[in-house]
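This report describes how a pair of protein chains is built and how the chains meet. Look at the sequence and the structure first, then read on.

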2 protein chains.
Amino acid sequence: MDDAARYRDRAQRKKELVDRRIARATIDRGVLVVNTGNGKGKSSSGFGMLARSLGHGLHCGVVQFIKGSFSTGEEAFFRQFEGDGLDYHVMGEGFTWETQDRERDIAAATAAWAVAERMLGDDAYDYVLLDELNIALVKGYIPLDRVISVLLARPGRQHVAITGRGAPDALVAIADTVTEMRVVKHAFQAGIKAQKGIEL
Amino acid sequence: MDDAARYRDRAQRKKELVDRRIARATIDRGVLVVNTGNGKGKSSSGFGMLARSLGHGLHCGVVQFIKGSFSTGEEAFFRQFEGDGLDYHVMGEGFTWETQDRERDIAAATAAWAVAERMLGDDAYDYVLLDELNIALVKGYIPLDRVISVLLARPGRQHVAITGRGAPDALVAIADTVTEMRVVKHAFQAGIKAQKGIEL
């Protein structure tokens, strides 16, 4: 057997394996995606799925639980689709060490969660991104059991993505796809400041 | 000290720590971001950074090294910005086990790399996304040493994001920010098919 034939043969076996796996994945329903860990890519992946969803003409909702100086690029970009398949809310008031006021943090998170809960109860939303919700859960600003029960009761075709460090175990348990973004290295550690388009 | 005061005190110390770290990160230049690992989020994070970059009015280039049945949503979405700050190329011919023809795979990867190399030599591009380039490197379709030297010689303000499983060590070594997307679990493992907006 020559090289080209061996390549074809190996590719053919790989194709059969992949095709069999795809054939076995027959369930078709809304999924809950959780992006957690300390590495880069949790929010940006959520916004990448937002772009994909809009590309398919899906109706989308976004709630950003933490505002701060971050999130400027994606907000400027996606705001132009508001009313055109997208409902975009920035509800947080910055990272908790910026506000230094627990009552205000809880009030902001509670207001953000009210908007999220409305989306999660409405089957007009095909994709809902709850950006940095995990932070609000870890801090105890929003009751975890309420979030879990609302997620479990949502419309069956609705996709939800939740981002942020420290995803609680109970959330991981009910999620379909969970990724830990692990830091191999980060530019910030080498003294490089946050860059527009990359972090901002 | 009451609870509110304790909260403020803790937040204040955290703020000082974060502010000191931010103050130390003074280097301002283009970064090389690599998203690798077996988990979800590598490409979608690259496309999220694309959205951020477009939101800041940056000029962007995208080369997708593998086409296949994936990448339909993001392509449909971002194509509308072509000519308007974005140069979008889908060059691959599907996963290697689909084509089953090594010569054709190499030719497609080589053509894609030629487009990428032109962007990496042009300081008009602020953000360049080389989606699934790692696959072409792992398969040996494109010479790694050439890719490394072109990346090192690129314009100083240009950001580059490279995605795909199995990022080569030499690429990780020259990158600024590297994230390993680690699978905690995946819907596919539970028999759920790939979903529009999420995987497609």
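## A salt bridge within chain A

In this predicted model, the side chains of A:Arg118 and A:Asp87 form a salt bridge, with 3.9 Å from N to O. A:Arg118 belongs to helix H5 of chain A and A:Asp87 to strand E3 (residues 86–90) of chain A, so the pair ties together parts that are 31 residues apart in sequence.

Side chains of opposite charge can pair when their charged atoms come close. Over all chains, a search of the whole structure finds 22 salt bridges.

## The layout of chain A

Chain A contains 8 helices and 6 strands. Their order along the sequence is α-β-α-β-α-β-α-α-β-α-α-β-α-β. Taken along the principal axes, the box filled by the C-alpha atoms of chain A is roughly 70 × 45 × 35 Å.

## Where the two chains meet

The contact between the chains involves 80 residues of chain A and 80 residues of chain B. The size of an interface is often given as the accessible area lost when the parts come together. For chain A and chain B, the area buried between them is about 6,700 Å², and 61% of it is on carbon and sulfur atoms.

Between chain A and chain B, 38 residue pairs are in polar contact, both residues having pLDDT 80 or more. Several elements of chain A give two or more residues to the side that touches chain B, among them helix H1 (3–24), helix H2 (42–55), helix H5 (102–120) and strand E6 (177–185). The residues on this side of chain A divide into 34 nonpolar, 23 polar and 23 charged.

## Salt bridges and strands across the interface

The rule finds 4 salt bridges across the interface of chain A and chain B. In one salt bridge between the chains, the side chain of A:Arg182 meets that of B:Glu180, at 2.5 Å from N to O.

How do E6(A) and strand E6 (residues 177–185) of chain B run? They run antiparallel, and 7 bridges join them. Within this pairing, A:Val178 stands opposite B:Lys185 in E6(B), while A:Glu180 stands opposite B:Arg182 in E6(B).

E6(B) also pairs inside its own chain: 4 bridges join it to strand E1 (residues 32–36) of chain B, and these two strands run parallel. There, B:Asn35 stands opposite B:Thr179 in E6(B).

## How the two copies are related

Two copies of a chain are related by a rotation about an axis and a shift along it. The same surface serves both copies, as 100% of the contact residues of chain A recur in chain B.

Notes:
Residues numbered from 1 in each chain as written. Chains lettered and ligands numbered in written order. Heavy atoms only, no water. Contact = heavy atoms within 4.5 Å. Buried area = accessible area lost by both parts, 1.4 Å probe. Polar contact = N/O pair within 3.5 Å; in protein donor to acceptor, adjacent residues only side chain to side chain. Nonpolar A, V, L, I, M, F, W, Y, C, P; charged D, E, K, R; others polar. Pairing = 2+ DSSP bridges.
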